[in-house]
Amino acid sequence: MRRRLRYGMVGGGEGAFIGAVHRHAMALDHRYTLSAGALSSTPEKAVRSAEALGLLSDRSYGTWEQMLEGELKRPEGERIDLVVIVTPNHVHFPVAKAFAEAGIHVVSDKPLVHTAAQAAELERIVQERGIVFGVTYNYTGYPLVKEMRRLVQDGRIGVVRKVVVGYHQGWLAEKLEDTGAKQAEWRTDPERSGVAGAMGDIGSHAENLVATVTGLELEAVCADLTTFVPGRRLDDDGNLLLRFRGGAKGVMIASQVEIGHENDLVLQVYGETGSLRWHQENPNELWHAPLDEPVRLLRRGNAYLCPEAAACTRIPSGHPEGYLEAFANVYGEIAAAIGRHAEGGDPSGDYPGVAEGARGVRFIETAVVSAASAEKWTPFPSTP
Ligand SMILES: NC(=O)c1ccc[n+]([C@@H]2O[C@H](COP(=O)([O-])OP(=O)(O)OC[C@H]3O[C@@H](n4cnc5c(N)ncnc54)[C@H](O)[C@@H]3O)[C@@H](O)[C@H]2O)c1
């Protein structure tokens with residue numbers, strides 16, 4: 001199916017952060033058209049935001065419930081193919097559930113939902129309805145992350161012994177939530193963010209990146225979560241030890257109070273015969289250190305990279321690609337999956353789905369339980 005897919009967006013109105021990123025990324029490969037929107041929690045703002053994006057007035061909705069009702073009234077050939085959820089976390093579950101139950105494909109930003117029980121419910125609905133469900137763990141879309149995964153899978157660093165992942169930010173080092181900064185406000189409110197702060201917001205990305213690249217399955221977690229900023233209600237700093245099945249070990253930092261760091265996500269994987277290091281703020285480079293050989297620098301866009309990395313590169317080497325392209329790569333896989341679904345084929349693919357989203361929610365819950373427990377080491381539930 002090569003026609004453009006029609007999407008309706010929930011959230012992402014004026015002043016919002018990630019909704020616009022999704023729209024830019026979805027526009028990159030000409031696979032999607034924004035056809036409808038319930039773009040804000042304030043109906044007037046939703047309508048104003050829709051107008052600014054050129055949406056027709058009859059598809060600019062005040063609420064997501066109205067959007068679902070309005071779209072279902074349209075003939076199948078006109079209604080949206082998928083909904084894109086870019087609201088604060090507490091809205092993900094009701095919207096995803098309602099659209100999935102109606103048989104509409106869903107893309108939700110992370111973390112998927114608030115609880116493992118909600119996540120399991122979504123998994124069941126997705127299974128029953130047979131729809132495509134993507135979760136935008138966008139860092140897995142980088143070509144050199146795919147290269148890193150290929151090198152691990154091909155045994156180029158041997159059996160993985162240890163993983164060190166750090167997601168370092170400093171923007172919540174002050175009580176920004178008291179200044180009216182809305183991104184800070186809902187992220188530090190348990191009602192809207194969920195059981196965790198930094199661990200949910202960015203620790204979930206780190207978990208997904210480690211699992212995607214290494215294929216390692218978590219066995220147990222030992223978490224130390226701290227709220228450094230006085231009066232804040234959720235963790236703003238997390239330091240974790242990880243144990244994986246098979247014996248590999250890991251260390252994770254997910255912090256939003258590390259002054260001087262912007263969006264500093266770094267993954268290092270150490271195997272028996274080599275190591276790999278990738279840094280999100282310099283995503284066109286991947287360092288590979290084979291045992292007893294000089295360190296190699298792999299750069300995006302070169303012919304020596306694996307087919308998966310080559311397939312999601314748009315411009316030649318030396319012309320930097322980045323965040324939007326990685327996001328677009330996730331969306332490219334989702335568009336292909338929806339196309340296969342339309343033809344009765346297998347909609348699974350190289351994109352994070354509802355199972356990965358659910359695993360992320362279990363990870364957040366496990367970290368919170370571990371941090372609060374006396375024993376600290378807490379088994380990771382590999383299934384709900
Ligand atoms: N993948 C990533 O790297 C990444 C980055 C940032 C944010 N996120 C995720 O994206 C989501 C949004 O984050 P953000 O920083 O853009 O938040 P934001 O506060 O900037 O924007 C949220 C938007 O949702 C709207 N909204 C709230 N309730 C709504 C409702 N009931 N119906 C319709 N719209 C509603 C708000 O009006 C606003 O337009 C969060 O789940 C966050 O975790 C992911």
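Visitor: Where do the residues around the ligand come from, in terms of domains?
Guide: The shell around the ligand takes at least three residues from each of domain 1 (5-139 + 329-353) and domain 2 (142-318 + 361-378). Please keep in mind that this is a predicted model.

Visitor: How many residues surround the ligand, and which are the closest?
Guide: The ligand is surrounded by 25 residues. The closest are G11, A16, I18, S41 and D109.

Visitor: Which helices and strands supply at least two residues of that shell?
Guide: They are β1 (5-11), α1 (18-28) and α7 (182-187). The element that gives the most is α7, with three residues.

Visitor: And what is the shell like by class?
Guide: It has 10 nonpolar residues, 11 polar residues and four charged residues.

Visitor: Back to the domains. What separates their centres?
Guide: The centres of domain 1 and domain 2, taken over C-alpha atoms, are separated by 26 Å. Contacts do exist between them: 17 residues of domain 1 are in contact with 20 residues of domain 2.

Visitor: Which elements give two or more residues to the domain 1 side?
Guide: On the side of domain 1 that touches domain 2, those elements are α5 and α11 (323-342). The residues of this side divide into 10 nonpolar, six polar and one charged.

Visitor: You mentioned α1. Which of its residues are buried?
Guide: In α1, the buried residues are G19, H22, A25 and M26. They lie on the same side of the helix, because they cover an arc of only 130 degrees around the axis.

Visitor: What covers them?
Guide: The cover of the buried residues of α1 includes β1, β2 (32-38), β3 and α11. After α1 comes H30, and the phi of H30 is positive, near 60 degrees.

Visitor: How do β1 and β2 pair?
Guide: Strands β1 and β2 pair in the parallel sense, over six bridges. To take one case, G8 has A36 in β2 as its bridge partner.

Visitor: How many residues of β2 are buried?
Guide: Six of the seven residues of β2 are buried, and the strand is mostly covered.

Visitor: What comes after that strand? I am looking at T42.
Guide: T42 is placed in the loop between β2 and α2 (43-52). T42 counts as partly exposed because 13 other C-beta atoms lie within 10 Å, and a residue needs 20 or more to be buried. Along the chain T42 and G62 are 20 residues apart, while their C-alpha atoms are separated by 7.5 Å.

Visitor: Now helix α4. Which residues there are buried?
Guide: Helix α4 covers residues 92-101, and its buried residues are H92, V95, A96, F99 and A100. Seen down the axis of α4, these residues fall within an arc of 120 degrees, so they line one face of the helix.

Visitor: What do they pack against?
Guide: The buried residues of α4 pack against the strands β1, β3 (82-86), β4 (105-108) and β5 (133-135), and against the helices α3 (64-73) and α5 (116-129). Just after α4, G103 has a positive phi of about 85 degrees.

Visitor: Another topic: what is the strand order in the nine-stranded sheet?
Guide: The order is β13-β12-β11-β10-β6-β9-β8-β7-β14. This sheet is open, and its pairing is mixed. Its edge strands are β13 (296-299) and β14 (378-379), each of which pairs on one side only.

Visitor: How many bridges join β6 to β10?
Guide: Strand β6 (residues 160-168) is joined to strand β10 (residues 264-271) by eight bridges, and the two run antiparallel. Within this pair, the bridge partner of G166 is V266 in β10.

Visitor: What holds paired strands together in general?
Guide: Strands of a sheet pair through backbone hydrogen bonds, in either the parallel or the antiparallel sense.

Visitor: Last one: is M199 buried or exposed?
Guide: M199 counts as buried, because it has 33 C-beta neighbours inside 10 Å. M199 lies in helix α9 (residues 198-214).

Visitor: What does M199 touch?
Guide: Leaving out residues up to four places away in sequence, M199 touches L225, D235, G238, A254, I364 and A367. M199 and N239 are 40 residues apart in sequence, and their C-alpha atoms are 9.4 Å apart in space.

Definitions and conventions
Residues are numbered from 1 along each chain as its sequence is written. This is a predicted model: local features need pLDDT of at least 70, side-chain atom pairs count only at pLDDT 80 or more; totals for chains, interfaces and linings use all residues. A residue is near a molecule or strand if its C-beta atom, placed from the backbone, lies within 6 Å of it. Helices (H or I, at least four residues) and strands (E, at least two) are DSSP runs, numbered from the N terminus. Ala, Val, Leu, Ile, Met, Phe, Trp, Tyr, Cys and Pro count as nonpolar, Asp, Glu, Lys and Arg as charged, and the others, Gly among them, as polar. Domain bounds come from an automatic or database domain assignment. A residue is buried if 20 or more other C-beta atoms lie within 10 Å of its own, exposed if 12 or fewer, and partly exposed in between; C-beta atoms are placed from the backbone. The arc is that of the directions from the helix axis to the C-beta atoms. Two residues are in contact if their C-beta atoms, placed from the backbone, lie within 7 Å. Two strands pair if DSSP finds at least two bridges between them.
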